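Here is a short report on one protein chain. Look over the structure, then read on.

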Amino acid sequence: MMNRYSRQIILQNIGEEGQEKLLKSSAAIVGCGALGTVAANNLARAGVGKISIIDRDFVELNNLQRQMLFDEADVGAPKAMAAAQKIKDINSQIDVEPVVKDLNHTNVEDILKGVDVVLDGTDNIQTRMLINDVCVKEGTPWIYTGAIGTSGMTMNILPDKACLRCLYPVTPKIGSLPTCDTMGVLNTITVIMGSMESTEALKILLDNNKQGTDSSLLVYDAWNNSFDDVIVRKNDECECCVKGNYGYLDTEDREVITSLCGRNAIQITPADPKEISLAEMASKLEPLGKVKSTDFILIFKTEKEEISLFKDGRAIIKGTNDEKVARSLYARYIGT
Ligand SMILES: [Zn+2]
């Protein structure tokens, strides 16, 4: 079985002992888009023993330009499921767990519990702050990574060192940052950044992460070939890693409504997610419009609207940026 890994076992940095350690390790990849597919592919081939892939979305044709685990046949499938299937084909000896859920304050602690390292494949600062809160609280190392346009950045966030809130004490407002949907992204930068964070994950899992007391934010621009290493010091006043205020984890019993910016869509996650029978829902909706449904997702289209409904009751409502409109469509077609 070790023959599969022979080319990395002969690496001094890994060796047989390191390989055994990797096989006993676990990693969670939050977001399975451009960065997440690259990280999942790398870690699976390297033999990280247990990989969970968390993603709320499904594959669209415009994802194929950069999301390296998907092909045309996957369009319409939940990303976490499609990625897990590919990973199983690549390495059947490791455990892969797809999680088709929106990571939010109601479930993040459960989903990331006990993993050895968390990799950032998300596309928004809110989810990153949520990961930061839970990882700092639990003492789990995580790797902040982002890419947009032709550049990207990555920073290891390790227990007792600077955290993401040391770097961004004030969270940028929703809609104030550019997104890949509005600004575009080069597919080589996401492969590079996804590989950089995979390398950091391997180093962390192998306890081979030699950094001083400060953390560094690596910033790379693939078009200009510029590479910067910015020192990030721990902020003595940090609400998260110094004062222990984990505000992003505060749970209230409410549904979560997220605007998927740049996509003219709103996501609704019920406060109390329960399993929905998509087959029953399909027969209920068929008289009202076009319905396409699989075991994991139901897509319902009327002339104006499109609703994608997942098994846990979460829905993405396309064609509107208005929360109230989305809420009322949800209530009208899915129920409360
Ligand atoms: Zn901090």
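## Burial and contacts

This is a predicted model. The protein chain has 336 residues, and 42% of them count as buried.

## Overall size

How does the radius of gyration of the protein chain agree with that of a compact globule? With 336 residues, such a globule would come near 20 Å. The protein chain has 20 Å, so the two agree.

The C-alpha atoms fill a box of roughly 65 × 50 × 40 Å, taken along the principal axes.

## Helices and strands

The secondary structure of the chain comes to eleven helices and 14 strands.

## A six-stranded sheet

Six strands form an open sheet. Their order is β9-β10-β14-β13-β12-β11, and the pairing is antiparallel. Which strands stand at the edges? They are β9 (256-260) and β11 (290-293). Each has a single partner strand, so one side of each is left without a neighbour in the sheet. On average, neighbouring strands of this sheet are turned by 15 degrees against each other, direction ignored.

## One pair up close

Look at strand β13 (residues 306-310) and strand β14 (residues 315-318). They pair in the antiparallel sense. How many bridges does this pairing run over? The pairing of β13 and β14 runs over four bridges.

Definitions and conventions:
Residues are numbered from 1 along each chain as its sequence is written. This is a predicted model: local features need pLDDT of at least 70, side-chain atom pairs count only at pLDDT 80 or more; totals for chains, interfaces and linings use all residues. Helices (H or I, at least four residues) and strands (E, at least two) are DSSP runs, numbered from the N terminus. The radius of gyration is taken over C-alpha atoms; the globule rule is 2.2 Å times the number of residues to the power 0.38. A residue is buried if 20 or more other C-beta atoms lie within 10 Å of its own, exposed if 12 or fewer, and partly exposed in between; C-beta atoms are placed from the backbone. Two strands pair if DSSP finds at least two bridges between them. Axes are lines fitted to C-alpha atoms, for helices over the stretch in contact, and angles run from 0 to 180 degrees between N-to-C directions.
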